[in-house]
Every structure is written in structure tokens, then in C-alpha cells.
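Subject: Structure for you to look at

Hello,

Here is the structure I promised to pass on. Please open it and keep it beside you while you read my notes.

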Amino acid sequence: MTLTEWFIDIALVLVVFRQLREEKLTVRTILLPLAIVGWAASQYLHAIPTAGNDLALALAFAGTGAAFGLAGGLLTRVRHAEGHVRIRATPSAAALWVLSMGFRLGFAVWSSHASGGAHLARFSADHDITTAQAWVVALILMAFAEVVFRLGTIVARARRTTLRARTIPTPQSPTYA
């Protein structure tokens, strides 16, 4: 793994750890993780191989990322307070994020060593995965799907929370004449 790949993984983990303390949901909160995975995709996602079971592998990993993202978004606390939507990653949401990031990081480290690479090559041959690029694509799409689904879930919950806050009358102080 390159230093850049370590930086990307650590940056994505830090994004969620930062959200362990409650913060306003802002455009920056949404765009920062998207920018990180977007940049990674631009560096590593040059073509999506479709031969053999390459596409099935990519779709399976993307689906797994989507499931992790949806769960992470549902485990993130979303509330409306003081006129703003506030979010806070629960320990469960952070643990899920670290688990998925750790899987990708561990897989990359494992596959870059001789024994891991040999096992991966044998697995790929046995399951008709035709290129190493198929694994790169699968891991990038998994990360991208996780980020998009997590943020999409949080934004959808934020909209619902905002609409609910607008329709529920706020308690008013009694007026005395």
C-alpha cells in the first residue's frame, strides 16, 4: 500500500470519529467524505472490468458497502435543535465504519504480501475473476457506496426531522394579562 492509500483510509475514519461529538449538518459535512472517495475513485477507478465474474464481484462489494452505509446512517443520531439539524455518530455507527474501513485496509495489506497475493490469485482463478483491477474496482465501489448511502440516509433523515420540527408547534409561555 502506498502512503496515499493509508492517508485516504485514515482520513475517512477520522471523518466519522470527528462526528462522535455532535455537530451541525452542513454542506461541508456532506461534501468532505464525497470529495475524499471521489478523489480516490479518480485515481484508482480507470475502467470497470466486465469479463468473467468481475462485474459480479464489483456489484457484490458495492452492495455490501451500501448495506454498511445504510446501517451507519440509521445508527447516526439526527435531531433538530436551535433551528439546525445536528448529527452525532453513535459508537455503533463509528464501530461499523471502522470495521468496514478496516476490512478494506486489511484486505489491501494482505493482498500486497506474497502469501496473500498467491491466495487471492488462486481464489480469482477459481471464481473467474479475470484481473487484479476487478478487486481494486470492487473495493473502491464498496467505499463509494458506503459513503453515498450513509450520507444519503443522514440527509433523508435530516429532511424528515426538519419537516417535523416545522409542523409541530413549539410550546409557548403563558401570557398573563
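Confidence comes first. This is a predicted model. The protein chain has an average pLDDT of 87. Of the residues, 92% score at least 70. Among the elements, helix α3 (residues 54-74) has the highest mean pLDDT, 96. Helix α1 has the lowest, 73.

Next, the strands. Strand β3 (residues 84-89) pairs with β2 (residues 76-81). The two run antiparallel and are joined by 6 bridges. Look for R77: its bridge partner in β3 is R88. The hairpin of β2 and β3 has 2 residues between the strands. In that hairpin, E82 takes a positive phi near 55 degrees. Strand β3 also pairs with β1 (residues 23-24). That pairing is antiparallel too, over 2 bridges. Here K24 stands opposite R86 in β3.

Now A89, which lies in β3. Is A89 buried or exposed? Its relative accessibility is 0%, so A89 counts as buried. The cut-off for buried is under 20%. What does A89 touch, leaving aside its neighbours within four places in sequence? The contacts are V16, Q19, L20, T76 and R150. Take V16 as one case: A89 and V16 are 73 residues apart in sequence. In space, their C-alpha atoms are 6.8 Å apart.

A93 counts as buried because its relative accessibility is 4%. Neighbours within four places in sequence aside, A93 is in contact with G72, L75 and T76. Along the chain, A93 and F107 are 14 residues apart. Their C-alpha atoms are separated by 21 Å.

Last, the surface. W6, I10, L14, F17, L20 and V98 form a nonpolar patch there. Together they have about 510 Å² of accessible area. Which element gives the patch its largest share? Helix α1 (residues 3-18) does, with 4 residues. L14 is placed in that helix. Keep in mind that α1 is the element with the lowest mean pLDDT.

Best wishes

Terms used: Residues numbered from 1 in each chain as written. Predicted model: local features only at pLDDT ≥ 70, side-chain atom pairs only at ≥ 80, totals over all residues. Heavy atoms only, no water. Patch = residues over 30% accessible without salt bridge, like charges linked within 9 Å, V, L, I, M, F, W, Y side chains within 5 Å. Areas by Shrake-Rupley, 256 points an atom, 1.4 Å probe, with all protein chains shown as cover. Salt bridge = Lys/Arg side-chain N within 4 Å of Asp/Glu carboxyl O. pLDDT = per-residue confidence, 0-100. Buried < 20%, exposed > 50% of the residue type's maximum accessible area, 1.4 Å probe, protein only. Contact = heavy atoms within 4.5 Å. Pairing = 2+ DSSP bridges.
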